Amino acid sequence: MISIQNISKSYKDVPAVRDISFEVQKGELFGLIGPDGAGKTTLMRILMTLLIQDEGKATMNKLDVVNDYKEIRKIVGYMPGRFSLYQDLTVEENLNFFATVFKTTVAENYELIKDIYIQIEPFKNRLAGKLSGGMKQKLALSCALIHKPEILVLDEPTTGVDAVSRKEFWDMLKKLQKQGITILVSTPYMDEAVLCNRVALMQKGKVLDINTPQKLIENYTRKLYAIRSKDMHQLIQDLRAWEKTDSAFAFGQYLHVTGKDDEVEATEFENYLLKKNHLELQVFDIPPTIEDVFMDRMAEQ
Amino acid sequence: MRTLFYVLQKEFIQVRRDKVMLRMIIMLPIVQMLVLVYASTYDLKNVNIFLVDKDMSSTSRQLASKIDASPFFTINNTSFNPEEGENEILNNRDDMVLVIQKGFERDLMREDKAKLQLLVNAIDGQSAQIGYFYAASVIGDFNKHIIAEWKGLPDFKPPYQINTPSRFWYNSELEYKWYMAPGVLALLVTLIGLNLSSTSLVKEKEQGTIEQLNVTPIKKIQFLAGKLIPFVVIALFDLSFGLFLARMVFNLPIVGNLGLVFSFGVLYLIGILGLGLFVSTVANTQQQVMFVTFFFMMIFILMSGIFTPVESMPQWAQLIDQANPVYHFMRVLRMVILKGSHFEDLIHEFVALCILGITFLTLALKRYRKTA
């Protein structure tokens, strides 16, 4: 459905996207995962025909993003990272406006947006600028869906939204996926990666890996330890200073730590840290999460 | 068509919701017409004179009262010390010092001539000249009378005299307000049109809504028409409101055809709005837009001939003015409203406004691209 071949784009001399290629299948929920500045937005803007790539070729439903941009705009829905609806129009006015611009009506495609719109309908006469973050998100999604697109492109839709709204939002995406819409979504949140069918891990304009989240985790074969002590700040410094430590990152209440060449045992960490006078020390094996995979991949670069 | 209708509706709703903008649309014509027209008058009144009468004779007193009686002059202060008068000018309290030397009457009677000294504050060259001219003519008039009185002739007339009775056409009472009003109307329309159009497009950029619109199949022309038409309507509303005020408040005679005024208004606005759109396609924030439009407004207005006649500007400046839409529109307004000029008289302005309008619009269309 979406095909990207060797796409590169630079802003002046700064490369934003470097030689990226991948395919998204029809009906797939595909995630672009990566930190800020990884090139997710640039890639999406190229696909959305808002930006022209320097090199490479991309097609959406076999339509070329440069030559067939007019056709593409009819079949894709886009939700930019920033809330981009008219803040001084009401919920209903926004929806009607975008429906008309796409030469359709709200009634015609009401079925598709019903589940989402019903939640904001009580506020349909409120100005969009006065909505809460979660409701703005729902309105933006409704507007992006109003013309029944075949492909939905969402740029960090859950950034700045509370945890409950985030979960609701992903539930909605799952429902849309069931209706056969291909979805490309970007997010900086690793925990959302597992909700996608496949993800592309991106960093500094490059794709590090593309796979299902499960496969990515399965492929991670390193020994991972969770370590905790009374003084977490000192703990991370001591671990990073030790020559046998490969990586140490804070994950919630614990540090996730790997040893050089995975030959360091839990007891070795324990002994080293006890020598450093750490109190209430805990060291144990832990199964990797997608975030561990990502951190590991980033460190490789 | 339906799309265009919705785009227009959206723009009007946005204007209606913007309370500041709405107030400006109503307040601007009122304030500009009532304050600017009254304030920027060149009618010379209330020239304050400092009188130094060292002669204290009946003739000098007669001269003083003659000057004081004129509607232009007020004798504000008197003293025997001319330096005090100079200080008054320095303090900006008086505009002129009239010094009558001791022996004024005696010299006049014995030698048939006497001298007066007139010190004029010429910071503002134009009003100094006019003031001096007025004072000189009052004194000249007085001169004629005393000659007649002393020679005992009933109404002395010099033997040869060229008389130029004058009549002022199109504004017979030399009502400066009538001259100013069409000029201020042109400013009003420009201000409203340029500001509304230039900020509205850049607002879409700032709020990011342009990004959302750009991925829709909306046509460039529909989008730009949505930005043009509402502001043409609003600016024309302000033009008629301003005209109405001018008619009611200072009885501005509208000699020409109102249809012609509004037709030119539409033509002019298309150009001005095109310029506004062009500016907002170049700029990224409302601040930048305000700065650039302010730059254009200053040049356009100061060169438009609202305060100083364009005919007295240097030749190169007059040439530049051909590219100044405000200049052409102001001429049209003055000619049609005050003189009742017909379309045939305005061909030059029509062609100039057409060329400027097409240029600005083409620039805006060229610069506004849907892909970055």
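## Confidence of the model

The mean pLDDT of chain B is 86, and 93% of its residues score at least 70; pLDDT is the predictor's confidence in each residue, on a scale from 0 to 100. Within chain B, helix H13 (residues 325-339) has the highest confidence, with a mean of 93, while helix H6 (residues 125-151) has the lowest, with a mean of 79. The model scores ipTM 0.77 and pTM 0.76.

This is a predicted model, in which local features need pLDDT of at least 70 and side-chain atom pairs count only at pLDDT 80 or more, whereas totals for chains, interfaces and linings use all residues. Residues are numbered from 1 along each chain as its sequence is written, and chains are lettered from A, with ligands numbered from 1, in the order in which they are written.

## Chain A

Chain A contains 10 helices and 14 strands. Helices (H or I, at least four residues) and strands (E, at least two) are DSSP runs, numbered from the N terminus. The chain is divided into domain 1 (2-212) and domain 2 (225-285), with bounds that come from an automatic or database domain assignment. The centres of these two domains of chain A, taken over C-alpha atoms, are separated by 40 Å.

The C-alpha trace of chain A spans about 70 × 45 × 35 Å along its principal axes. Of the 301 residues in chain A, 42% are buried. A residue is buried if 20 or more other C-beta atoms lie within 10 Å of its own, exposed if 12 or fewer, and partly exposed in between, with C-beta atoms placed from the backbone. Among contacts in chain A with a separation of 6 or more, 70% involve residues 24 or more positions apart; two residues are in contact if their C-beta atoms, placed from the backbone, lie within 7 Å.

## Two loop residues of chain A

A:Lys12 is not a glycine, yet has a positive phi of about 55 degrees. This residue is in the loop between strand S1 (2-11) and strand S2 (14-24) of chain A. A:Lys12 counts as exposed because it has 5 C-beta neighbours inside 10 Å.

A:Asn61, also not a glycine, has a positive phi of about 50 degrees. The loop that holds A:Asn61 lies between strand S4 (55-60) and strand S5 (63-64) of chain A. With 16 other C-beta atoms within 10 Å, A:Asn61 is partly exposed.

## Chain B

Chain B has 14 helices and four strands. Its domain assignment gives domain 1 (2-40 + 174-367) and domain 2 (47-151), and the C-alpha centres of these two domains of chain B lie 48 Å apart.

The C-alpha trace of chain B spans about 95 × 45 × 40 Å along its principal axes. The radius of gyration of chain B is 28 Å, whereas a compact globule of 372 residues would have one near 21 Å; the radius is taken over C-alpha atoms, and the globule rule is 2.2 Å times the number of residues to the power 0.38. Of the 372 residues in chain B, 34% are buried. Contacts between residues at least 24 apart make up 78% of those in chain B that join residues at least 6 apart in sequence.

## Nonpolar cores

A nonpolar core is a set of buried Ala, Val, Leu, Ile, Met, Phe, Trp, Tyr and Cys residues joined through C-beta atoms within 7 Å. The largest such core has 135 residues, and those with the most contacts inside it are A:Ile33, A:Leu47, A:Val153, A:Ile183, B:Leu185 and B:Phe329. Helix H7 (residues 176-207) of chain B supplies the largest share of this core, 14 residues. A second, separate core has 15 residues, including B:Ile49, B:Phe73, B:Met96 and B:Ala135.

Leaving aside residues up to four places away in sequence, A:Leu47 touches A:Ile2, A:Ala58, A:Met60, A:Val65 and A:Val153.

At the interface, 20 residues of chain B are in contact with 24 residues of chain A. On the side of chain B that touches chain A, helix H1 (2-17) and helix H8 (209-214) each supply at least two residues, and H1(B) gives the largest share, seven residues. The residues of this side comprise six nonpolar, nine polar and five charged. Here Ala, Val, Leu, Ile, Met, Phe, Trp, Tyr, Cys and Pro count as nonpolar, Asp, Glu, Lys and Arg as charged, and the others, Gly among them, as polar.

Helix H1 of chain B also holds B:Val15, which is partly exposed, with 18 other C-beta atoms within 10 Å. Not counting residues up to four places away in sequence, B:Val15 touches B:Met21, B:Leu22, B:Pro230 and B:Ile234.
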